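Here are some friendly notes for a first look at this structure. Please keep the view open as you read.

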Amino acid sequence: MHKRVMDSGGPRPDTSAEDLLIAVEHLVRHMRRSATAGGLSVAASSALGRVVREGPQRLTELARAENATQPNMTQLVTRMERAGLVRRTADRTDGRGVLVEATETGLEVFRRRRAERSEALGLLLDRMPEEERAAVRTALPALTRAIEEEGAH
């Protein structure tokens with residue numbers, strides 16, 4: 001089924017949403033396997049990435065955004081804190097609150113993982129004919145915009 005999406009002729013007009021989903025799942029798995037710096041789990045990598053991209057967050061906000069329970073996020077943040085990737089700081093707007101923020105080590109691990117994924121994606125793109133590379137460069141930003149617009153509604 002996914003072979004139709006990935007063959008050298010490019011996507012066919014009858015490519016279904018399910019075929020595209022399979023292709024995206026393969027890409028996501030490939031990108032996850034490509035990032036090894038820091039030896040992070042998928043959950044830790046995702047949480048660290050969110051804190052780096054969006055800035056310090058309350059544990060409850062982070063748990064909600066990562067679709068995790070607060071106890072599970074607390075355990076994850078504790079492990080990440082022990083590894084030196086994040087730290088907890090007082091929330092200046094609410095003295096009772098605690099924020100989770102990335103440390104310099106966490107930022108470096110994030111940057112290395114992103115570079116690993118970028119290199120892996122670049123290698124995939126290099127193996128494609130120019131027409132397919134152009135299609136990917138158009139399609140992925142278009143999907144990102146659609147996701148962002150969906151989130152705004």
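1. Let us begin with S1 and strand S3 (residues 98–102), which pair in the antiparallel sense over two bridges. Two strands pair if DSSP finds at least two bridges between them, and strands (E, at least two residues) and helices (H or I, at least four) are DSSP runs numbered from the N terminus. Gln57 has Val100 of S3 as its bridge partner.

2. Before going on, note that this is a predicted model, where local features need pLDDT of at least 70, side-chain atom pairs count only at pLDDT 80 or more, and totals for chains, interfaces and linings use all residues. Residues are numbered from 1 along each chain as its sequence is written, and side-chain values use heavy atoms, leaving out hydrogens and water.

3. On its other pairing, S3 joins S2 in the antiparallel sense over five bridges; here Ala90 stands opposite Val98.

4. Together the three strands form an open antiparallel sheet in the order S1-S3-S2. Strand S1 (57–58) and strand S2 (86–90) are at the edges with a single partner strand each, so one side of each has no neighbour in the sheet.

5. Finally, Met73 is in contact (heavy atoms within 4.5 Å) with Leu59, Leu62, Ala63, Glu66 and Ala68, leaving aside its neighbours within four places in sequence.
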